[in-house]
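Dear colleague,

My notes on it follow.

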Amino acid sequence: MLLRQLEYLVALARERHFARAAQACHVSQPSLSAAISKLERELGVPIVSRGRRFESLTPEGERVLLWAHRMLADRDALRQDLSRMRESLSGVLRIGAIPTALPVAPLLTGPFCERYPHVRVTLESLSSAEITRGLEEYELDLAMTYVDSSVRAVPLYEERYVLLTPADEEIADRPVARWADVAALPLCLLTSKMRNRRILDSVFADAGVQPVPVIEADTVATLWAHVATRKWSSVIAHAWLQMFGTPEGMRVVRIEDPQRVPRIGLVAGEQVSILARAVLGLTRGLDVRGELDRLLHKHLDRRDL
């Protein structure tokens, strides 16, 4: 059994199409099909349910796929370990991040790439469910996501919420806004499919109100584009100011502290790769929380300019 055969199986499970899987592996479709058939003969079990086209993996195939992910992850870990012995980490660091945490990524990837110039980083915007699956199937080394008290989590910062509102709104001149008053504004918020919005809904509920946004968006960039027209207000995570800043004609207003404050952190899979360990070690020496707090104070102070 060759690792190449396992790579073909992983690609087929991902693409669910023989031709696309072959293209992803840079081989011909007959070569990929023959390799998987040979794997079936070597293991003595059917792996793929075949009709005129790919249908699904058999139950045995699903089990083989799980082991394939593990064995390929072990191979990558071996390469990284040998690279570390050469005193120069190399390879590809795979990070999945919830969309609302992506603006903070440069605070980590910048110092990491400076320290380990031979490592390449891939960063994917994923949902919480996709992140969980990616870690379980060894497709990700690390994730930036909401964390609890997990022993494999390294907290980075608490998500703080502020109001972004047109400068000519009466609420823009208040030192602190109330959640009930914020809910009464014409709002642009993320959709309820996103965890950030569900957290905000619970914060509003704790204050005894329910927002009815005029605009709902499934990306932070789309939300910002609408807010920048100065027709709507929004409740934003302070970390987003890292990427987008304060649009012209808008103001950042502090909102009264909620009862519960969510935390964003780094989470590794059960099998922590050498590259993931390097990031976690580096992160413990960074002050991400302080950097974001200073950024927030900077934008709040601009109200007085």
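This is a predicted model: local features need pLDDT of at least 70, side-chain atom pairs count only at pLDDT 80 or more; totals for chains, interfaces and linings use all residues.

Residues are numbered from 1 along each chain as its sequence is written, and side-chain values use heavy atoms, with hydrogens and water left out.

The structure holds five aromatic pairs (rings of Phe, Tyr and Trp, the last by its six-membered ring, with centres within 6.5 Å; planes under 30 degrees apart are stacked, over 60 edge-to-face, the rest tilted). One of them joins F112 and Y116: the centres are 5.0 Å apart and the planes stand at 45°, so this pair is tilted. F112 is buried, at 2% relative accessible area (buried is under 20%, exposed over 50%, partly exposed in between, with a 1.4 Å probe and protein chains only).

W224 and F244 have ring centres 4.9 Å apart and planes at 25°, so they are stacked. W224 is buried at 6%, whereas F244 is partly exposed at 27%. Ring pairs also link W224, W240 and F244 into a cluster.

The charged end of R70 sits over the ring of W67, 5.0 Å from its centre (the criterion is NZ of Lys or CZ of Arg within 6 Å of the ring centre and within 35 degrees of the ring normal).

In α2, F18, A19, A21, A22 and C25 meet Q29, L32 and S33 of α3 (contact means heavy atoms within 4.5 Å; helices are DSSP runs of H or I, at least four residues, numbered from the N terminus).

With kind regards

Note on methods: Helices (H or I, at least four residues) and strands (E, at least two) are DSSP runs, numbered from the N terminus.
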